[in-house]
Each structure stands twice: as structure tokens, then as C-alpha cells.
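Here's a quick briefing to read with the model open beside you. Take a look at the structure first, then work down the notes.

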Amino acid sequence: MSTPILHDNLPLIEVADKHILDDLYADPRTAQHLLTRLSDLVAVIAPGQFDNLLNRLLKQGHTPQVME
């Protein structure tokens with residue numbers, strides 16, 4: 001039996017519509033900042049790429065809400 005792995009301070013992105021995340025993954029300049037998709041609405045941001053992804057989203061006209 002495998003043991004679950006817990007991560008601390010794992011940056012995630014959550015979107016309201018799965019098509020938004022589909023579009024982010026379709027753009028190679030944005031997809032490079034995403035590590036893995038956890039669901040239709042949630043993906044893990046690659047280590048050290050939070051600020052880069054945030055800047056990219058703002059350039060694309062998105063208005064992300066950052067929560068800690």
C-alpha cells in the first residue's frame with residue numbers, strides 16, 4: 001500500500017471554467033509555467049514560476065486573484 005504524499009506551500013491555479021485552463025495549456029508560453037493538471041479546473045504551478053505565470057496572465061488580460 002502506498003503512502004500519500006503531502007506538499008507544503010504548493011502553488012496552484014484554479015479557474016472558473018475548464019476552457020480557461022485548456023487555453024492556458026494550449027499556449028506554450030503559458031503552459032511552460034504549469035507542472036500538472038489536477039482536475040478540469042486546477043493545475044499545479046511549476047516550482048519558482050508563480051511570478052512568471054502571474055505576469056503572463058496579466059499580459060493576456062486575465063485578472064487573477066492571488067490567495068495565500
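Let's start in strand β3. Leaving aside neighbours within four places in sequence, Ile-45 is in contact with Pro-11, Leu-12, Ile-13, His-33, Leu-34, Leu-35, Phe-50 and Leu-53. Keep in mind that this is a predicted model.

**Ile-45**
- Ile-45 counts as buried because its relative accessibility is 3%, and the cut-off for buried is under 20%.
- Ile-20 sits 25 residues away from Ile-45 along the chain, and the C-alpha atoms of the two are separated by 15 Å.

**His-33**
- You'll find His-33 in the loop between α2 (28–31) and β2 (34–37).
- Is His-33 buried or exposed? With 8% relative accessibility, His-33 counts as buried.
- Its side chain reaches the backbone oxygen of Arg-29, at 3.3 Å.
- Again leaving out neighbours within four places in sequence, His-33 is in contact with Ile-45, Ala-46, Gln-49, Asn-52 and Leu-53.

**Helix α3**
- Which residues are buried in helix α3 (residues 50–59)? They are Leu-53, Arg-56 and Leu-57.
- These three lie on the same side of α3, because they cover an arc of only 100° around the axis.
- As background, residues three or four places apart in an α-helix point the same way, because there are 3.6 residues a turn.
- Turn to the face of α3 that points away from its buried side, and you'll see the exposed residues Asp-51 and Lys-59.
- What do the buried residues of α3 pack against? Their partners are β1 (12–14), α1 (18–26), α2, β2 and β3 (42–45).
- Just after α3 comes Gly-61, with a positive phi of about 90°.

**Thr-30**
- Thr-30 is a residue of helix α2.
- Its relative accessible area is 0%, so Thr-30 is buried.
- Beyond neighbours within four places in sequence, Thr-30 is in contact with Leu-24, Leu-53, Arg-56 and Gln-60.
- Two of those contacts, Leu-53 and Arg-56, are among the buried residues of α3.

**Ser-39**
- Ser-39 is found in the loop between β2 and β3.
- Ser-39 is partly exposed, with a relative accessible area of 33%.
- Asp-17 is 22 residues from Ser-39 along the chain, and their C-alpha atoms are separated by 11 Å.

**The whole chain**
- The chain has three helices and three strands, and from the N terminus on they run β-α-α-β-β-α.
- Along the principal axes, the C-alpha atoms fill a box of roughly 45 × 20 × 20 Å.
- Of the 68 residues in the chain, 25% are buried.
- Take the contacts between residues at least 6 apart in sequence: 38% of them join residues at least 24 apart.
- The accessible surface of the chain comes to about 5,300 Å², and carbon and sulfur atoms account for 54% of that.

Note on methods
Residues numbered from 1 in each chain as written. Predicted model: local features only at pLDDT ≥ 70, side-chain atom pairs only at ≥ 80, totals over all residues. Heavy atoms only, no water. Helix = DSSP H or I, 4+ residues; strand = E, 2+ residues; numbered from the N terminus. Buried < 20%, exposed > 50% of the residue type's maximum accessible area, 1.4 Å probe, protein only. Polar contact = N/O pair within 3.5 Å; in protein donor to acceptor, adjacent residues only side chain to side chain. Contact = heavy atoms within 4.5 Å. Arc of directions from axis to C-beta. Areas by Shrake-Rupley, 256 points an atom, 1.4 Å probe, with all protein chains shown as cover.
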